[in-house]
Amino acid sequence: MSEQTREREQRDQREQRDQREQRPAADAERRVVVVGAGMAGVQTAVALREQGFTGPVTLIGAEPHQPYDRPPLSKAVLLGTAEGSAFDVDFEALGITLRLGCEALGVRPAQHVLDTSEGPVPYDVLVLATGAEPVRLPGAEGVPGVHLLRTLDDAERLRPVLARRHDVVVVGAGWIGAEFATAAREAGCAVTVVEAADRPLADALPAEVAAPMTAWYADAGAELRTRARVERVESGGPGGSGRVVLDDGTRLPADAVVVGIGARPATGWLAGSGIALGAQGEVLADDRLRTSAPDVHAVGDCASFPSARYGERLLVHHWDNALQGPRTVAADIVGAPGGEPPAAYDPVPYFWSEQFGRFVQYAGHHTAADTTLWRGDPASPAWTVCWLREGRLVALLAVGRPRDLAQGRRLIQAGTPMDPELLADPAKPLKAATAATA
């Protein structure tokens with residue numbers, strides 16, 4: 001190594017050390033406020049500390065409960081096998097201030113002020129992580145016995161319903177409807193699922209992929225009624241059984257009605273803020289999850305982001321997105337020692353669902369695929385569907401085949417060319433079905 005090279009390296013090291021030493025002093029002057037105390041909000045606050053941010057961090061949540069994880073609500077919490085699902089985070093030790101039971105009402109970006117039910121909160125950096133809110137069944141608001149399943153309070157209200165093994169009608173055969181129907185059947189309830197489309201998961205999967213799942217309901221003892229719309233819900237009054245009246249006149253007995261017809265970004269409170277929203281009400285974030293307003297980021301279910309991998313903007317309402325995105329947000333707020341921007345946020349979307357004794361996993365984004373391949377018989381307990389575009393895997397759905405999912409997710413990430421003949425053979429590992437091995 002030449003003396004000149006050694007001096008240059010030593011100079012670079014000194015500059016990096018100086019930047020690290022200066023950053024805490026600068027951080028100490030910046031106030032980060034995170035709105036939303038779900039997975040995305042909590043992970044953003046934690047990631048800030050993990051990445052060395054030393055300034056004040058305030059986490060604001062509308063619910064009064066200690067921040068908690070949502071997936072167990074439709075499983076262990078609902079069935080009474082767990083009392084709660086609070087995050088295992090020592091907020092006090094991390095120096096994160098919690099303001100719970102505090103509702104966000106608006107943002108004034110020009111003044112760097114968040115308006116809340118407890119008064120204005122000034123910020124230097126604001127992170128929007130308010131998640132999504134369930135779509136309500138028209139005409140059913142306020143009707144006794146009609147439930148949503150989104151919050152801890154919702155799950156606790158539904159727990160005694162399942163314990164009494166009541167007649168339950170589930171409106172919507174999407175992911176949450178199927179998971180609740182699964183729990184209700186496990187509890188011994190009589191379950192009828194009403195779906196306006198001609199199949200379950202109509203908004204999430206192509207018809208030929210969702211069709212085999214129809215049989216899962218009958219196998220579990222639940223009745224699935226497709227092409228059925230709810231006209232109204234009739235309350236049975238104190239102690240009486242209510243009814244769900246369908247548009248064809250059918251009356252379904254219902255001690256409880258659980259509505260799972262979708263969710264939309266919880267962004268109504270941003271009206272008038274000037275922060276750009278998309279067609280579905282989501283915050284339009286860039287590839288570092290920054291919004292159109294200066295010093296405001298958005299992460300999780302409330303935000304969409306541009307995906308170079310898929311060539312379109314993605315709005316992902318799943319747990320893994322709320323786990324991964326905060327790292328990008330924190331990195332953009334903290335900044336790299338050398339001033340380099342963080343890598344663009346472009347994950348391979350992933351989620352899972354447990355329904356009717358089956359573990360269902362999905363990775364990627366299939367809408368632009370040009371080829372669909374099956375691995376295994378969809379009538380069997382375990383099978384996989386693969387979607388390809390120009391010979392490369394872009395998405396897969398795995399039922400009872402977690403190894404396919406794990407290997408496929410890595411292949412999607414890498415953009416590896418695949419051999420279709422090998423890929424369609426369920427006896428061969430996915431990682432062995434690359435074009436290079438053909």
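A disulfide is defined here as a pair of cysteine sulfur atoms within 2.5 Å. By this criterion, the structure holds zero disulfides. The model is a predicted one, in which local features need pLDDT of at least 70 and side-chain atom pairs count only at pLDDT 80 or more, whereas totals for chains, interfaces and linings use all residues. Residues are numbered from 1 along each chain as its sequence is written, and side-chain values use heavy atoms, with hydrogens and water left out.

C302 is buried, at 0% relative accessibility. The closest cysteine sulfur to that of C302 belongs to C102 and lies 17 Å away, so the two are too far apart for a bond. C189 likewise has a relative accessible area of 0% and is therefore buried.

Secondary structure was assigned from DSSP runs, with helices (H or I) of at least four residues and strands (E) of at least two, numbered from the N terminus. Strands were considered paired if DSSP finds at least two bridges between them. Strands of a sheet pair through backbone hydrogen bonds, either parallel or antiparallel. An open sheet of three strands was found, with the order 4-5-6 and antiparallel pairing. Its edges are formed by strand 4 (104-108) and strand 6 (119-122), each of which pairs on one side only. Between strand 5 (residues 113-116) and strand 6, the antiparallel pairing extends over four bridges. Within this pairing, V113 stands opposite P122 of strand 6.

Helix 8 spans residues 214-219 and includes D219. With a relative accessible area of 59%, D219 is exposed. The C-alpha atoms of D219 and I412 are separated by 33 Å, the two residues being 193 apart along the chain.

Grid points were joined across faces, edges and corners, and volume was taken as the space filled by probe spheres set on the points. One cavity of 30 Å³ or more was found in the whole structure. The largest cavity has a volume of about 30 Å³ and is lined by V316, D320, N321, Y345, P347, V348, P349 and Y350.

Note on methods
Buried < 20%, exposed > 50% of the residue type's maximum accessible area, 1.4 Å probe, protein only. 1 Å grid on protein atoms, 1.4 Å probe; cavity = no way out; pocket = protein on both sides within 12 Å on 5 of 7 lines; lining within 4 Å.
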